[in-house]
Amino acid sequence: MLYHLLYPLHEIPELSFLNVFRYITFRAAYAAVTALVVCFVLGPPLIHALRRSRLGQRVRAEGPRSHLAKEGTPTMGGLIILLAVAASTLLWCNLTSRWVWIALGVTLWLGALGFLDDYLRVVKGLGKGLLGRYKLVGQAVIGLAVAAVLLAWPDPSWMRHGVTAGGALAGGGPLTPTSTQVPFLKFRYLELAWLFVPFVVLVITGASNAVNLTDGLDGLASGLVAIVALVFAAIAYVAGHARISAYLNIAFMPQSGELTVFCAALLGAALGFLWFNCHPADVFMGDTGSLALGGALGIVAVLLKREFWLLLVGGVFVAEALSVMVQVASFKLLGRRVFRMSPLHHHFELKGWAESRVVLRFYIVGVLLALFSLSTFKLQ
């Protein structure tokens, strides 16, 4: 909004300084700050309202005993994240970008789905909330919608046959609407053809559920999301910058630049929420926040055609999700458990690690994976 209101005024000599609004780095920085400030302003009154309404988290009796003290902590705090991301994105993004609207739409849709789950579980007292199959249907619907939009209105930059910003042909075939980039292989694209639609559904659904499963310790999910959002902001900026993409010899995707601003808003919102969610947490994000944040990461990966990078930089989320699948499969097939408890963070808690130690060490792993993911641009 501010881009459209203020940037055109830079042609007036006295207001030439407003030319700064054309720069993605400027708008991304202030998008992060804006989201952070929105969290700081809305956080305390919303937490107070949730506490007064007795919308508290119910703790599983079979979990770590230390979690019993968290009974009654306000949940549904993901509303803070959604408001911060939406406000910051609308203020600082170039709203003519179709990618921004797709990313924001997926985030809000999954936030609404998570809110319905939290509402049924906390307010209506339904122990399981929204049944898993209905949740999967809601996630699949938005995935199918995204795939349909991307196929019906593909971005022109995807049809540049894998050229660099300088126009040089980059071998390995075209980067088409139904293909994706492969780590470590420069300009070698995996053509998905008809598998593109279920692939998009899998990425968005998988990312959304993986973050949801990770949200079990104070500050764990929000901190890791901030790390991943920062990496994807860097990837979006590099891919959308003509000179830098030419220097790194990677495919130039002009439309990806605005996703830098969206990812920065995501980063600011995650950090702002972490202020209230760090141990001991004043509020939990609930499915309202975790499904939305995971979906936001998933859709950004799809739009950037860096879905496999999500496995790298979001490796902690992947490990958490895999631990649940392995645990369930092992118990059903073999009658025994691989982990003391799943998701993975609970396994380490039951081994005697303090909650804060688990969170900090998972952060360290997340940072290492982030650095490794960024290094792949030079390893290709």
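**Reading a predicted model, term by term**

Biologist: Let's start with R51: what does R51 touch, not counting residues up to four places away in sequence?

Modeller: R51 touches P74 and D282 once residues up to four places away in sequence are left out. Contact here means heavy atoms within 4.5 Å. Before we go on: this is a predicted model, where local features need pLDDT of at least 70 and side-chain atom pairs count only at pLDDT 80 or more, while totals for chains, interfaces and linings use all residues. Residues are numbered from 1 along each chain as its sequence is written, and side-chain values use heavy atoms, with hydrogens and water left out.

Biologist: Why is R51 called partly exposed?

Modeller: Buried means under 20% relative accessible area, exposed means over 50%, and partly exposed is in between (1.4 Å probe, protein chains only). R51 has 44% relative accessibility, so R51 counts as partly exposed.

Biologist: And what makes T180 buried?

Modeller: T180 has 0% relative accessibility, so T180 counts as buried. T180 sits in strand β1 (residues 179-181); a strand is a DSSP run of E with at least two residues, a helix is a run of H or I with at least four, and both are numbered from the N terminus.

Biologist: How do you know that T180 makes a polar contact with E307?

Modeller: You need a pair of N or O atoms within 3.5 Å; within protein, one must be able to donate a hydrogen and the other to accept it, and residues adjacent in sequence count only if both atoms are side-chain atoms. The side chains of T180 and E307 make such a contact at 2.3 Å.

Biologist: Why is α6 called roughly perpendicular to α12?

Modeller: Helix α6 (residues 196-214) and helix α12 (residues 315-334) pack at about 85°, with axes 8 Å apart. That makes α6 roughly perpendicular to α12, because 65 to 115 degrees counts as roughly perpendicular, under 35 as roughly parallel, over 145 as roughly antiparallel and the rest as oblique. Axes are lines fitted to C-alpha atoms, for helices over the stretch in contact, and angles run from 0 to 180 degrees between N-to-C directions.

Biologist: What makes a set of residues a nonpolar core?

Modeller: The members are buried Ala, Val, Leu, Ile, Met, Phe, Trp, Tyr and Cys residues, joined through side-chain atoms within 4.5 Å. The largest one has 89 residues, and F232 and I299 have the most contacts inside it. Helix α7 (residues 220-240) gives the largest share, 14 residues.
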